[in-house]
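Please keep the sequence at hand as you read.

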Amino acid sequence: MAFQKPPGTQDFLPGASELWQYVERTAREVARKYRFREIRTPVFEATELFQRGVGETTDIVEKEMYTFVDKGDRSMTLRPEGTAGVVRAYVENKLYGEPELSKLYYIGPMFRYERAQAGRYRQFHQFGVEAIGSEDPALDAEVVALGYSFYKEVGLTGVTVDINSVGTPEVRAAYRETLLGFLRPIKDTLCKDCQSRMERNPLRVLDCKVDQDKFEGAPSILDSLDEACSAHFALVRQYLDDMGVPYRVNPRLVRGLDYYTHTAFEYKAQGIGAIDTIGGGGRYNGLVSQIGGEDRPGVGLGLGLERTVMLLESQNAKPDFGPAVDVFVIALGERAERETPGLLYRLREAGLSVDKDYQGRKTKTLFKAADRIGARYAAVIGDDELERGEVGLKNLRTQEQRQVPLANLAEAVREWNQQDEEGLAQ
């Protein structure tokens, strides 16, 4: 039987994984500059956490969760998103007792049972941040700006930001009746999902990707905002203007999770088939109390890393990672073969990436092998060179060759690298 990966999952092979490492490094560096600290939570949690936190009428909870009963007869779920688990950890570990705002970030896999397509997987990865403990609209703007900075620093172009205010539960209750007045007359023309969720959660109807053309003229939630919500949203926009972060107000943007209050936002870009949303987030002022903690306001985001990588590839924006190997060592003779493992260890301890042939191939094929693995130099050592304490060092880019002292090989490689880089810069 030939085993295959499960549908909707990927193998990240050498050659592709370097791009993932770059994206993750960039995410961590952006988080550091905004003073967010890393948190790591389990990939599975109690099912009720997501039912309560994400919302029972969302697509995630109704259709997409990977849920199982464990050997203790407990219902557990692979995490479909990151916020609920982070908030659970915040409450359980009493981070609310810290004097400062909790600014946390995570990078890791999420799981949703969705129809697999370009940019949508059943196991996918997110970079997310959560800032818990402040209602300040400047914090909303900071989180929006952090995501925008990540996309810029990773090398993407054409990323735009949509923002909206979804108000408070009280505002949404009033808007709900206004929206139902618009939706009920067209109910029979809507898709089955919209019809089933209309009475339970009509705002989610506006998030439907099938019926968008039928919502022309729908009442805007912005017209139902109270004074406090309007003032909060106005300050968020002012701060984004001050930062120079471009955005578009989209009154139909509600996001797919029930915990949002006030600000909701999405990042969009073209280049992944029919999908244009590559990340998003918002404020969730009631979520901490829903999960069992003292009420604390929060705001966060989640950015899809698969979609980031796909866009980098489609925009030909992948960075040059340089040579995969600094030195490929070629041993000629039995004594040289015996000396080579110790030499490799010393070169690696000196900070170089080094490799050798372990398959007993003929000498004439080894330079081609060094080229294939992306080595910058080949170091040739024979028994005669060992007697003299020398090594032949060949620059595989320029084909220039030098004899250098074996004891100073690492230093010689670094000096030659520096000369090459200075020459390229001139």
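Let's begin with a sheet of three strands: it is open, its order is E2-E4-E3, and its pairing is antiparallel. Strand E2 (44-46) and strand E3 (67-69) stand at its edges with a single partner strand each, so one side of each has no neighbour in the sheet. Please bear in mind that this is a predicted model. An open sheet of eight strands is also there, in the order E1-E5-E6-E11-E10-E9-E7-E8 and with mixed pairing.

- From one strand to the next, the twist averages 35 degrees.
- Three bridges hold E3 and strand E4 (residues 75-78) together in the antiparallel sense.
- To find this pairing on screen, look for Thr 67, whose bridge partner in E4 is Thr 77.
- Helix H2 (residues 47-54) packs on this sheet and touches E2, E3 and E4. The direction of H2 makes about 80 degrees with that of E2.

- The edge strands here are strand E1 (37-38) and strand E8 (248-249), and each of them pairs on one side only.
- E1 runs parallel to strand E5 (residues 102-111), and two bridges join them.
- Arg 37 has Leu 104 as its bridge partner in E5.
- Helix H1 (residues 17-33) packs on the sheet, where it touches E1, E5 and strand E6 (123-132). The direction of H1 makes about 160 degrees with that of E5.

**Strand E7 and its partners**

- Is E7 largely enclosed or left open by the rest of the structure? Five of its six residues are buried, so E7 is largely enclosed.
- On one pairing, E7 and E9 run antiparallel and are joined by six bridges; Thr 160, for instance, has Lys 268 in E9 as its bridge partner.
- On another, E7 and E8 run parallel with two bridges between them, and Ile 163 has Val 249 in E8 as its bridge partner.
- Ser 165 belongs to strand E7. Its relative accessibility is 1%, so Ser 165 counts as buried.
- A polar atom of the Ser 165 side chain lies 3.3 Å from the backbone nitrogen of Gly 167.
- Beyond its neighbours within four places in sequence, Ser 165 is in contact with Ile 221, Leu 222, Leu 225, Phe 233 and His 262.

**Ala 264 in strand E9**

- Ala 264 is found in strand E9, and its relative accessible area of 0% means that Ala 264 is buried.
- Which residues touch Ala 264, leaving aside its neighbours within four places in sequence? The contacts are Asp 162, Ile 163, Asn 164, Val 166, Leu 253, Arg 255, Gly 281 and Gly 282.
- Ala 264 and Val 299 are 35 residues apart in sequence, and their C-alpha atoms are 9.4 Å apart in space.

**Helix H9**

- Helix H9 (residues 227-243) has 17 residues and reaches 24 Å from its first C-alpha to its last, close to the 24 Å expected at 1.5 Å a residue.
- Cys 229, His 232, Phe 233, Val 236 and Leu 240 are buried in H9. These residues cover an arc of only 95 degrees around the axis, which means they lie on the same side of H9.
- Asp 226 caps the N-terminal end of H9, with a side-chain oxygen 3.3 Å from the backbone nitrogen of Ala 228.
- After H9 comes Gly 244, whose phi is positive, near 80 degrees.

**Helix H11**

- How many of the ten residues of helix H11 (residues 305-314) are buried? Seven are, and H11 is mostly covered.
- The buried residues of H11 are Leu 305, Glu 306, Arg 307, Thr 308, Val 309, Leu 311 and Leu 312.

Technical notes
Residues are numbered from 1 along each chain as its sequence is written. This is a predicted model: local features need pLDDT of at least 70, side-chain atom pairs count only at pLDDT 80 or more; totals for chains, interfaces and linings use all residues. Side-chain values use heavy atoms; hydrogens and water are left out. Two strands pair if DSSP finds at least two bridges between them. Helices (H or I, at least four residues) and strands (E, at least two) are DSSP runs, numbered from the N terminus. Contact means heavy atoms within 4.5 Å. Axes are lines fitted to C-alpha atoms, for helices over the stretch in contact, and angles run from 0 to 180 degrees between N-to-C directions. The expected span of a helix is 1.5 Å times one less than its number of residues. Buried means under 20% relative accessible area, exposed over 50%, partly exposed in between (1.4 Å probe, protein chains only). The arc is that of the directions from the helix axis to the C-beta atoms. A polar contact is a pair of N or O atoms within 3.5 Å; within protein, one must be able to donate a hydrogen and the other to accept it, and residues adjacent in sequence count only if both atoms are side-chain atoms.
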